Amino acid sequence: MTANIEIQNVTKRYGSMTVLDGLSLSIKANEFMVFLGPSGCGKSTLLRMIAGLESVDEGAISINGERIDTLPPGQRDIAMVFQSYALYPHMTVADNMAFGLRNINVSTDVISARIAEAARMLEIAHLLERKPGQLSGGQRQRVAIGRAIVKEPKAFLFDEPLSNLDAALRVRTRVELAQLRNRVRSTMIFVTHDQIEAMTLADRIVVMNNRKIEQIGTPMEIYSRPASRFVATFVGSPTMNFFRVGLSAQNGFLRAKLQDGTELQTAIRAIGVKDGEYSVGIRAEAVKLANGVAATTTGKVDVLERLGDRTLLYTRLKDGNVIVAEDIGNSRVAIGDEVGLILDGTRTHLFDDAGHAWHNEEASHG
Ligand SMILES: Nc1ncnc2c1ncn2[C@@H]1O[C@H](COP(=O)(O)OP(=O)(O)O)[C@@H](O)[C@H]1O
Ligand SMILES: [Mg+2]
């Protein structure tokens, strides 16, 4: 049982405020899709519209070719897991899981079998007779997921289910969710503002911002080829370095000149790029210490962040701009050092003044 979900031109308003503006996207059967974006961008609203907890003002939502946005939530065959767990406090774990099934007259035998199976999968069999008040946050979250699993829905919707857990438990539950995903073949939509959750769990990510979809792609597409400056900024840590540049062409590829005079030979074809203001983005991992090799540019280290496996060097260039470079964990660099840097021009991203990214394909299509 699985669902292909089509969202066509969906608009949502609260009073005079438009919170989603003509969104379209297609979620494949069995896909793990993540809606990623900053707080307030409309992720929960979109999820709740799929679940039937919010009305659709314009557009349509279909599952396996049938329109569902006019159906009541109970008839959509979808299960939702909330950040707040929403368990009944006076009922045992088993009764919490059975409740929705009893309501639709599933037989006692089937209910028991499904609860046993879900409890085994989530390793909560020993908790079935407890009440939610006797469980830890992580255990409650599993029960909430178990309650969704026993419904055997066509699709699971998760609204920031990990955000109430502490850091360590969050990581563990994330891994468990990835494992669960391999056992339960069903479409899953997962909402988060956390780019690491999105990168680690998703088959594809929908990056949302400001009422709209910024980009839809696999985690590596989003990371390697961000469609906009917003996506480039939102995904990846530390955040991408950006510099205002002047552009020229050399051997058919763009050459970008930074304000400190540094010239970078990019891998972006110099075709179809109109006149205007441009910025290049380059991630810290593409900015390394020159260590004696001819440097692209030089600067003075202002701040040094040791992350254990690598060290981030916040380096002030001659023009006053700061670039974050990456060095080994055991970096010998000290604050105040003058360092030579090598910027890998082939790993740069180009953005126009509207924040739209220029990639080779677009450029060659003119
Ligand atoms: N019931 C509501 N009434 C009015 N405004 C709402 C309501 N629910 C959400 N909003 C607004 O809609 C926007 C999107 O909210 P939401 O979907 O919860 O964002 P997200 O889940 O991405 O943080 C926000 O500006 C929020 O304040
Ligand atoms: Mg939300």
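Predicted model: local features only at pLDDT ≥ 70, side-chain atom pairs only at ≥ 80, totals over all residues.
Which residues are around ligand 1? I got back Y14, M17, V19, P38, S39, G40, C41, G42, K43, S44 and T45.

**Entry 1: the shell by type and by element**

I sorted the shell residues by side-chain class and found 5 nonpolar, 5 polar and 1 charged. Next I looked up which elements they come from. Strand β2, residues 17-27, and helix α1, residues 43-51, each supply at least two residues of the shell. I noted α1 as the element that gives the most, with 3 residues.

I went through the side chains with N or O atoms by the ligand.

- T45 has a polar side-chain atom 2.5 Å from an oxygen of ligand 1.
- S44 puts a side-chain N or O atom 2.8 Å from an oxygen of ligand 1.
- Y14 has a side-chain N or O atom 3.5 Å from a nitrogen of ligand 1.

On its own, ligand 1 has 560 Å² of accessible area, and the protein covers 58% of that.

I turned to helix α4, residues 137-149, and took its partners in turn.

I started with α3, residues 108-122. The axes of α3 and α4 come within 9 Å and cross at roughly 140°. I wrote α3 down as oblique to α4 because of that angle; the cut-off for roughly antiparallel is over 145 degrees. The crossing of α3 and α4 is right-handed.

Then I looked at α2, residues 93-103. Its axis and that of α4 come within 8 Å, crossing at roughly 30°. That angle makes α2 roughly parallel to α4, as angles under 35 degrees count that way. I logged the α2 and α4 crossing as right-handed.

How far apart are the axes of α4 and α5? I read 11 Å for α4 and α5 (residues 167-183), with a packing angle of about 20°. I therefore put α4 down as roughly parallel to α5. The handedness of the α4 and α5 crossing is right-handed.

Most residues other than glycine have a negative phi, and most peptide bonds are trans.

Where is the cis peptide bond? I found it joining S237 and P238, with omega at about 0°. P238 sits in the loop between α8, residues 229-234, and β11, residues 241-250.

I noted E160 for its phi, which is near 45°, a positive value in a residue other than glycine. E160 is also in a loop, the one between β7 (residues 155-159) and α5.

Definitions and conventions: Residues numbered from 1 in each chain as written. Chains lettered and ligands numbered in written order. Heavy atoms only, no water. Near = heavy atom within 4 Å. Polar contact = N/O pair within 3.5 Å; in protein donor to acceptor, adjacent residues only side chain to side chain. Areas by Shrake-Rupley, 256 points an atom, 1.4 Å probe, with all protein chains shown as cover. Helix = DSSP H or I, 4+ residues; strand = E, 2+ residues; numbered from the N terminus. Nonpolar A, V, L, I, M, F, W, Y, C, P; charged D, E, K, R; others polar. Axes fitted to C-alpha atoms, helices over the stretch in contact; angles between N-to-C directions. Parallel < 35°, antiparallel > 145°, perpendicular 65-115°, else oblique. Left-handed = near helix turned anticlockwise from the far one by under 90°.
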